Amino acid sequence: MTERKRILVIGAGVSGLTAIKSCLEEDLQPVCFERDDQLGGVWYYTEDLRPGQSSAAYKSIISNNTKETLCFSDFPLRKEDPAYLPYDAVTQYLVNYANHFGLGKYIHYNRNVVKVEMCKDYETTGQWDVSYVEGGNGGGDVTVETFDGIMMCSGGGLGKPYIPAIPGLDKFKGITIHGNAYRQPAPFIGKKVIVVYLSVRSPYIVSPRIANDGWPTTMFIAQRIRQMLPACVGNNKLDKSSPCTIYSPGSAQRTQKSAGVMVNDEILDRIACNHVNVVPEIARITETSVEFIDGSVIDDVDVIILATGYEISYPIIDETLIFDETEKLNLYRYILPLGLKHNTLMIIGILLKFIPTTFNVLELQSRWSARLLSGRLNLPNMKTMVNDIHTRPRVGRLYDPLLCTSYQDDIARDIGVLPTLWNLLFPDPRLIYEYYMGPAIGAWYRLRGPATWDGAKQTILSTWDNTKYPLNKTTNAIKSEKSFLFKQSLFLAGGLCFVYLLVNREKSFQLINWIEQLCPRNK
């Protein structure tokens, strides 16, 4: 009997838990090192920033994704759970997930990885040496273990807060913190606070969590059919539910064509009552004031919060394996470093912001990686993989927006779990309708292929009811989804017809001539 490959999973957050489970599904032997004393990663909240922690949850954070698009493919949330989960509910969900699938016994807590490097005999074995210390603060004796493969699941590489080069920032005498150190508003009550939010240099559509018809917005953003249509058609629902777009004063970009999305239920009210002011880009900072590019100045500033995001950084490994000479990610499917003799290093969690089905993508990346490590996934030739990297959005140290239903479908197709027409038609024809009109939830990838789940079909068909249940429990916020979805179907069917006629111009001219024959103009 062949000995199972030992795979090190670094981190026990969302991607780390799915990596452990995926290894078990592929008959691999996972070993997980977690720096903290509890699983959960970013969602594990503590009052103070933990040693070495980068991206972190704050106390009032609520998921941007509705529960149906948030949960894993074979572990749905209950219909009684709220439509959007606060941080502690997400953390509890992750704990429940680990308990349900028996993942906890593979996790070694308070074990901090300090270095990952190729073994001396890597050329023949493909193995890696991992140096780690006991204790989350990085102190103590270094221990080295050898593993057959590595799955890097440490927060998507968000290991380094991005600090912009603003003239005079180092001279400011007030309090300066990065957004990762923010926990709750109490310390800032009564103070004049400048929040540096680089994204407002470009227009941002403000998207509430609940649309004006009572349904969660992300249920529609995650629809496959919307991402098949032109933006002018597919974004109709988002535009109607978003009362306005935020622009930085003086910004040259004032069209929604390139606008990003800010999920926020309160900022417009705060702007309306002058509790929040949107200001131009900062020109310079003095000891007590901030000057902007339009010449305006805010004096007596107490606090500057840098809500400027993170740089993708993996300090424990040779980053030339991950980035090319232009500092762009050189990863096939955003997972596999190219150029290695053995495909035994996987980077899990490289995500682009505002992905409405984040947990699903992390899970699919883990399943893809585990299948490759097990030898059950065949890769295309090098030329094809290089072309794939260059045809997708190139990502550098900082993230760019991307909606990625097509990306997760590509990964699913690779491992044989993407549904086909026949998979949907014969079990239940309703699945075809839900596949295009419903959100691209993870359960779709448990209908066929390896590691199927018997509950996938029922989870898919109950998606809308489960979403509606907590919203209608005390009020009649949402009326019948049947009439609502019928209207959506008519609208999107019209969009598809428009695209068809746009592509087949000869057909469109024939249609115009036919209409003119039916309805001749009066001369």
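Me: How do the axes of helix α1 and α3 cross, and within what distance do they come?

Reply: Two packed helices are described by the angle between their axes and the distance between the axes. This is a predicted model, in which local features need pLDDT of at least 70, side-chain atom pairs count only at pLDDT 80 or more, and totals for chains, interfaces and linings use all residues. Residues are numbered from 1 along each chain as its sequence is written, and side-chain values use heavy atoms, with hydrogens and water left out. Here the axes of α1 (residues 14-25) and α3 come within 11 Å and cross at roughly 10 degrees. Axes are lines fitted to C-alpha atoms, for helices over the stretch in contact, with angles from 0 to 180 degrees between N-to-C directions. Helices (H or I, at least four residues) and strands (E, at least two) are DSSP runs, numbered from the N terminus.

Me: Which class does the angle between α1 and α3 fall in?

Reply: Angles under 35 degrees count as roughly parallel, over 145 as roughly antiparallel, 65 to 115 as roughly perpendicular and the rest as oblique. α1 and α3 are therefore roughly parallel to each other. Their crossing is left-handed, meaning that the near helix is turned anticlockwise from the far one by less than a right angle (clockwise would be right-handed). Val-14, Leu-17, Thr-18 and Lys-21 of α1 make the contact with Leu-94, Tyr-97 and Ala-98 of α3; contact means heavy atoms within 4.5 Å.

Me: How many residues of helix α12 are buried?

Reply: Seven of the 10 residues in α12 (405-414) are buried, so the helix counts as mostly covered. Among them are Tyr-407, Asp-409, Asp-410 and Ile-411. The cover over the buried residues includes α6 (224-228), α10 (358-373) and α14 (430-437). After α12 comes Gly-416, with a positive phi near 80 degrees.

Me: Which strands does β7 join by bridges, and in which direction do they run?

Reply: Strands of a sheet pair through backbone hydrogen bonds, either parallel or antiparallel. Two strands pair if DSSP finds at least two bridges between them. Strand β1 (residues 6-10) is joined to β7 by four bridges, and the two run parallel; Leu-8 has Ile-150 as its bridge partner in β7. Three bridges link β7 to β21 (residues 345-347), also in parallel, with Met-152 opposite Ile-347. Both faces of β7 (residues 149-152) are covered: Gly-149 and Met-151 are buried on one side, Ile-150 and Met-152 on the other.

Me: What is the strand order in the open sheet of three strands?

Reply: The order is β14-β15-β16, with antiparallel pairing. The edge strands, β14 (282-285) and β16 (297-298), each pair on one side only. Two bridges join β15 (residues 290-292) to β16, and Val-290 stands opposite Ile-298.

Me: Where is His-178 placed, and is this residue buried or exposed?

Reply: His-178 is in strand β9 (residues 175-178). Its relative accessibility is 9%, so His-178 counts as buried. Beyond neighbours within four places in sequence, its contacts include Tyr-162, Ile-163, Leu-306 and Tyr-310.

Notes. Buried < 20%, exposed > 50% of the residue type's maximum accessible area, 1.4 Å probe, protein only.
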